[in-house]
Amino acid sequence: MPNVNILGLSFPIQNYQQAIDQFSRWIDEKESRQVCIANVHTVVTSTRDRTFHSLNANADMLTMDGQPLRWYANLVHRAGIEERVCGPELMLRCMDEGQQHGWKHYFLGGREDVLQVLESKLKEKYPNANIVGAFSPPFRTLSESEDQDMVDQINSVQPDFLWVGLGAPKQEIWIQEHLDRVKVPVQLGVGAAFDFHSGTIKRAPEFMQRSGMEWLYRLYHDKRLWKRYLTTNPIFLYYLLKDTFKSRLLGDKV
């Protein structure tokens with residue numbers, strides 16, 4: 001599968017179905033794999049944080065969550081990518097596809113009440129989805145025994161997908177640190193997906209998602225995100241314009 005480089009990170013040129021087909025192969029192989037779902041904040045942070053860059057660069061799959069990443073790939077590299085592969089939508093498509101394959105799902109993260117509503121709503125939407133467990137860890141560092149108990153609980157039900165909603169980059173770091181002990185073929189950090197699909201947080205309208213303005217909607221509803229967006233979005237815009245100019249007008253390879 002061809003890849004495209006965005007500010008030092010290599011993304012496969014793929015759509016949702018291609019990603020799901022890869023997951024299916026991983027499930028058959030029964031080896032633990034990590035998927036990192038990247039947005040503008042992830043990519044810009046990776047340019048100045050070696051640890052975070054290494055985490056994303058070494059993932060078994062890196063997907064373009066944000067529309068601006070797709071714009072960069074198409075404008076700078078002429079990649080012809082028609083759709084991004086974002087976490088919340090990917091989660092729903094895997095739940096749907098998994099109904100015919102018997103794929104098993106486990107949710108880690110979020111509040112207990114949110115997980116209960118999430119399970120109920122997903123089962124209502126996908127009645128044949130196989131949800132085998134969920135756990136809301138406490139908001140503190142777990143002891144070694146608590147951590148091992150959690151790992152044992154996940155492994156005992158043998159899920160095919162581990163959906164982790166601990167917030168970035170905590171969820172990606174958790175997966176990486178536990179990858180050799182958690183025996184789940186597909187492990188993904190999906191951020192606010194639990195809140196979106198449970199209805200705890202309303203997601204941006206479709207037109208804002210398509211236009212790359214979803215971040216503005218989230219910022220309006222959660223002022224705590226201002227630092228993330230206002231310190232990384234302008235930097236990404238600078239690189240997008242600079243690299244597009246170099247590629248399109250000067251003919252330089254980026």
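A patch is made of residues with over 30% relative accessible area and no salt bridge, and nonpolar side chains are joined within 5 Å. The views below show a predicted model.

**View 1. A nonpolar surface patch formed by Phe 245, Leu 249 and Leu 250.** These residues, Phe 245, Leu 249 and Leu 250, together have about 330 Å² of accessible area. Leu 249 belongs to helix 12, which covers residues 226-249. With a relative accessible area of 63%, Leu 249 is exposed.

View 2. The strands follow the order 4-3-8-7-5-6, and their pairing is parallel. Strand 4 (61-64) and strand 6 (130-135) are the edge strands, each pairing on one side only. From one strand to the next, the twist averages 20°.

**View 3. Strand 7 and its partners in the sheet.** Strand 7 (residues 161-165) runs parallel to strand 8 (residues 186-189), and four bridges join them. Across this pair, Phe 161 stands opposite Val 186, and Leu 162 has Gln 187 as its bridge partner. Strand 7 also pairs with strand 5 in the parallel sense, over five bridges. Here His 105 stands opposite Phe 161.

**View 4. Cover around strand 7.** Five of the five residues of strand 7 are buried, so the strand is largely enclosed by the rest of the structure. Phe 161, Trp 163 and Gly 165 are buried on one side, while Leu 162 and Val 164 are buried on the other. Helix 8 (residues 170-178) lies across strand 3 (33-38), strand 5 (104-109), strand 7 and strand 8. The helix runs at about 155° to strand 8.

View 5. Side chains of opposite charge can pair when their charged atoms come close. Arg 111 meets Asp 113 in a salt bridge at 3.0 Å, N to O. Arg 111 is partly exposed at 42% relative accessible area, and Asp 113 is partly exposed at 39%. A salt bridge at 3.8 Å, N to O, links the side chains of Arg 210 and Glu 206. Both residues lie in helix 10 (residues 206-210), four residues apart, about one turn of the helix. Arg 210 counts as exposed, at 52% relative accessibility.

View 6. The closest N and O atoms of Asp 243 and Lys 242 are 2.9 Å apart. Asp 243 is buried, with a relative accessible area of 3%, whereas Lys 242 is partly exposed at 28%. Salt bridges with shared partners join Glu 29, Glu 31, Arg 33 and Asp 60 into one network. The structure holds eleven salt bridges.

Note on methods
Residues are numbered from 1 along each chain as its sequence is written. This is a predicted model: local features need pLDDT of at least 70, side-chain atom pairs count only at pLDDT 80 or more; totals for chains, interfaces and linings use all residues. Side-chain values use heavy atoms; hydrogens and water are left out. Patches are made of residues with over 30% relative accessible area and no salt bridge: like charges are joined within 9 Å, nonpolar side chains (Val, Leu, Ile, Met, Phe, Trp, Tyr) within 5 Å. Accessible areas come from the Shrake-Rupley method with a 1.4 Å probe; for residues, only the protein chains shown count as cover. A salt bridge is a side-chain nitrogen of Lys or Arg within 4 Å of a carboxyl oxygen of Asp or Glu. Helices (H or I, at least four residues) and strands (E, at least two) are DSSP runs, numbered from the N terminus. Buried means under 20% relative accessible area, exposed over 50%, partly exposed in between (1.4 Å probe, protein chains only). Two strands pair if DSSP finds at least two bridges between them. Axes are lines fitted to C-alpha atoms, for helices over the stretch in contact, and angles run from 0 to 180 degrees between N-to-C directions. Contact means heavy atoms within 4.5 Å.
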